[in-house]
Amino acid sequence: MSDSTVPIRMSHYQKLALTVILTGVLITAVDTTIVVLALPTMMGSLHAQLSDAVWVILSYLLVITLLSTQVGRIGDMFGRVRIYEFGFLIFIIGSFLCGIASNEQWLIFFRIVQGIGGAFVSANSGAVIADTFPSELRGRAYGFNSIGWNMGAILGILLGGLITTYFSWRWIFLINVPIGIFAFILALKVLKDRTERASRSFDLIGMVTLGVGLLGGLLAMTRWSSGQLDVITYLLAFIGIVALVGFVFAERMQQSPALDIRLFKTKVLTFSLLASFFQSLGNFAVLFLLIMYLQGVRGLSPLHASLLLVPGYIIGGIAGPLAGRWSDRIGVVVPATMGLLLQAIAIFIYAQLNTITPFGIVMLGSIINGIGAGFFFPSNNAAVMKAAPAKVYGIVSGMLRTFANIGMVLSFAMAILIASARIPRGLVYAVFVGTTTLHPQLMNTFDNGIHAAFYACIVMMALAAIGSAMRAGKANSA
């Protein structure tokens, strides 16, 4: 941290670069929320099965997870900015193809294409910020980055409801095309690579074993939650576990592993990555659970349900830059850990919801959760990049996204599995994708099901807070 009492200002180039990065974060954030609200209309239009609806979400997240570390390597090899720009191009193409998909199989495939572009953008964004901003400004830059995420989430919630109500669901994807083209052109004009190329090799064994492990686990969890607890489910779970164990051993033997075990010798980096994983595992499913509570239990429309959550995203976007400045001054541990505890409190509030809870309580929980997210993300991102050697910014940025994305993928499956233990399994899928509402006598049962899922999320957030707090005394340089 600078000894000067005069705040360091961003240069004109840094402001323009941050605008480009914010746009990339915004459009990828839009896609994390907009698809959820459009799923019922989308699947009805395509006459798709409910199991396919789940994979419209999971396929996108899974491909981003698998490619994150490899994309970071490509960025180190060919230029982080160049790969970041290429990601915009792929994302635009994938979005357009999703918008014209003729059936659910093609939609899932095109979501994979879109996920490839999203991985190129998200996995390199942290490294581009680290290259562009000195350590004294990174917390602030990551704070503004959280504004882009929160704005994207807000737009996704609002646009998802508005587009599916007044227009075709296809526009939830097609709307990315003009935004992406604008960001792509601006990136070409503004962003510059500032680091030398580094020779990297790909870890195909690591990517394959991780992919098989996650895919096997997700297939087993989704089959189990729908009541298919049979030989195939057990076999998929077994294959997933074996593949994940193989992934760990493979990474220890690789010269250039997808997850470089040597980097875990840096305690700040280790605890920061673990905090990111458990935060995603505990928090990503919260949006799904809340929307299903508001729609399934309380009978609100998707648009009216989402409007209750908007204040939290707005206030979280305001809190992000403030927390970034705070972490620049005092270090990352206090704001990051405080943010995680606030999110745990918010989820505890959600776990008390019932059939007569005032909607203001939902909004209060959303605001507390938004403030917590605004505190955690910029502080934790700054900790990761400050603890990483400059020559591996791309790899570390990819590792950060990988840990967060694995948590996101498993969070969704975990929430469905836990909730389905209390809810009739033939009904759980229909409720989670919003294709049905609950008969009155099932409302309390469903309420108890999502309470159990919320409490599981609180446990994950507590583990994240412990990991964040473990950096105390080790993060002075961060």
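Buried means under 20% relative accessible area, exposed means over 50%, and partly exposed lies in between (1.4 Å probe, protein chains only). This is a predicted model, in which local features need pLDDT of at least 70 and side-chain atom pairs count only at pLDDT 80 or more, while totals for chains, interfaces and linings use all residues. Residues are numbered from 1 along each chain as its sequence is written, and side-chain values use heavy atoms, with hydrogens and water left out.

**Stop 1**

Select cysteine 98, which is buried at a relative accessible area of 0%. Then select cysteine 457, also buried, with a relative accessible area of 0%. Do not look for disulfides (pairs of cysteine sulfur atoms within 2.5 Å): the count comes to zero.

**Stop 2**

Rings of Phe, Tyr and Trp (its six-membered ring) pair if their centres lie within 6.5 Å; planes under 30 degrees apart count as stacked, over 60 as edge-to-face and the rest as tilted. The count comes to nine aromatic pairs. For one of them, select tryptophan 106 and phenylalanine 110, which are stacked at 5.4 Å centre to centre with 25° between the planes. Helices (H or I, at least four residues) are DSSP runs, numbered from the N terminus. Tryptophan 106 and phenylalanine 110 are about one helical turn apart, because they sit four residues from each other in helix 4 (residues 104-132).

**Stop 3: a second aromatic pair**

Move to tryptophan 169 and phenylalanine 173, an edge-to-face pair with 6.3 Å centre to centre and 90° between the planes. Tryptophan 169 and phenylalanine 173 are both buried.

**Stop 4: a nonpolar patch**

Select Val208, Val212, Leu235, Phe238, Ile239 and Val242, which form a nonpolar patch on the surface with about 530 Å² of accessible area together. Helix 8 (204-225) and helix 9 (231-253) are the elements that give two or more residues to the patch. Helix 9 supplies the largest share, four residues. Such a patch joins nonpolar side chains (Val, Leu, Ile, Met, Phe, Trp, Tyr) within 5 Å, from residues with over 30% relative accessible area and no salt bridge; a salt bridge is a side-chain nitrogen of Lys or Arg within 4 Å of a carboxyl oxygen of Asp or Glu. Areas come from the Shrake-Rupley method with a 1.4 Å probe.

Finish on leucine 235, which lies in helix 9. Leucine 235 is partly exposed, with a relative accessible area of 48%.

How values were computed
Patch = residues over 30% accessible without salt bridge, like charges linked within 9 Å, V, L, I, M, F, W, Y side chains within 5 Å.
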